[in-house]
Amino acid sequence: MKMLAVLLGVVLGAACAYRCPAYDEIKQPSVAPPGFRLSNFTGDWYVLATNEPTLPAICTCGKATWLLDHDDGTLKRYHYDFAAKCAGAPFKPQFKGESRDPLNPGLLVENMAVYNHSVAPMVPHMIYHVEPLSDGNIIAFTYACLLGKLGGLYSFNVLARHPMSAALQAAGAVEKLVSERNSAAGGVFDVDKLRYTDIKTCWASNAATTQDIVI
């Protein structure tokens, strides 16, 4: 009981410090239709940084492959296959979700799937900004509220179409992007305990090689 009380206190403390923001508060023009469509998001995305609470810190080198399964103009259904290494062992969950608002194609709800079925109620996962870099790479920012509007558990994620160069990572490029996005949203995001991917260790052969990238 004592441990349960401690865990409850941690969750409630986080809920007081942060909240699940309304999508209108955080979305940027980069994810507005018709320029942005969920179909734009299909394909591979490399995780540059995350504080996903359901993903243990021993799990690194995350990569998600998105696919659009259904699109009738209003309702869109998608899934993505996630792959990471957890203490050297492969970890490959699948997530399924929906986009229900044609005016906000980045406002999603999703959850983990087992045998092609979601195992829990879908919760908000928001693609709120997509930013092209001068080398042709594309950075995407997403924020998930794992307990829905109850708050308390959040996931801040920085994704890229291609791994950023190790040199840029060493120069703090990802941290700068995180700071800029959080400031632009008024500091509503939980970016505590953000874990940055060691690009050189995970994807040295895939990393971008452009030396001068303006962010």
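The model is a predicted one.

**First stop: the disulfides**

Begin by selecting the cysteines. A disulfide is a covalent bond between the sulfur atoms of two cysteines. The structure holds three disulfides.

Select C20 and C145. These two residues form a disulfide in which the sulfur atoms are 2.1 Å apart. The link of C20 and C145 is right-handed, with 95° about the S-S bond. C20 sits in the loop between α1 (2-17) and α2 (23-26), while C145 belongs to strand β9, and the pair links distant parts of the chain, 125 residues apart. Both C20 and C145 are buried.

Next, select C59 and C86. Here the sulfur atoms are 2.0 Å apart, and the link is right-handed, with 110° about the S-S bond. C59 and C86 are both buried.

Now select C61 and C202. The S to S distance in this disulfide is 1.9 Å. The torsion about the S-S bond of C61 and C202 is about -75°, so this disulfide is left-handed. C61 is part of strand β2 and C202 of helix α5 (residues 199-203), so the pair ties together parts that are 141 residues apart in sequence. C61 and C202 are buried as well.

Which pattern do the disulfides of the chain follow, with bonded cysteines counted along the chain? The pattern is 1-5, 2-4, 3-6.

**Second stop: the salt bridges**

The structure holds five salt bridges, and three of the pairs are visited here.

Select K63 and D44. Their side chains meet in a salt bridge of 3.5 Å, N to O. K63 lies in strand β2 and D44 in strand β1, 19 residues apart, and the pair links distant parts of the chain. K63 counts as partly exposed because its relative accessibility is 26%, and D44 counts as partly exposed at 30%.

Move on to K76 and D71. In this salt bridge the closest N and O atoms are 3.7 Å apart. Is K76 buried or exposed? With a relative accessible area of 12%, K76 is buried, whereas D71, at 43% relative accessibility, counts as partly exposed.

Then select R77 and E98, whose closest N and O atoms are 3.4 Å apart in a salt bridge. R77 is in strand β3 and E98 in strand β5 (residues 94-99), 21 residues apart, and the pair links distant parts of the chain. R77 counts as partly exposed at 37% relative accessibility, but E98 is buried, with a relative accessible area of 13%.

**Last stop: the largest pocket**

Finally, select E52, Y80, F95, E110 and S155. Among the 24 residues that line the largest pocket, these lie nearest its centre. The elements that give two or more residues to this lining are β1 (43-50), β2 (59-71), β3 (76-86), β6 (107-114), β8 (123-132), β9 (138-145) and β10 (154-160).

Colour the lining by residue class. The lining has 15 nonpolar, seven polar and two charged residues. How much space lies in the largest pocket? The space is about 500 Å³.

How values were computed: Residues numbered from 1 in each chain as written. Predicted model: local features only at pLDDT ≥ 70, side-chain atom pairs only at ≥ 80, totals over all residues. Heavy atoms only, no water. 1 Å grid on protein atoms, 1.4 Å probe; cavity = no way out; pocket = protein on both sides within 12 Å on 5 of 7 lines; lining within 4 Å. Points joined across faces, edges and corners; volume = space filled by probe spheres on them. Helix = DSSP H or I, 4+ residues; strand = E, 2+ residues; numbered from the N terminus. Nonpolar A, V, L, I, M, F, W, Y, C, P; charged D, E, K, R; others polar. Salt bridge = Lys/Arg side-chain N within 4 Å of Asp/Glu carboxyl O. Buried < 20%, exposed > 50% of the residue type's maximum accessible area, 1.4 Å probe, protein only. Disulfide = S-S within 2.5 Å.
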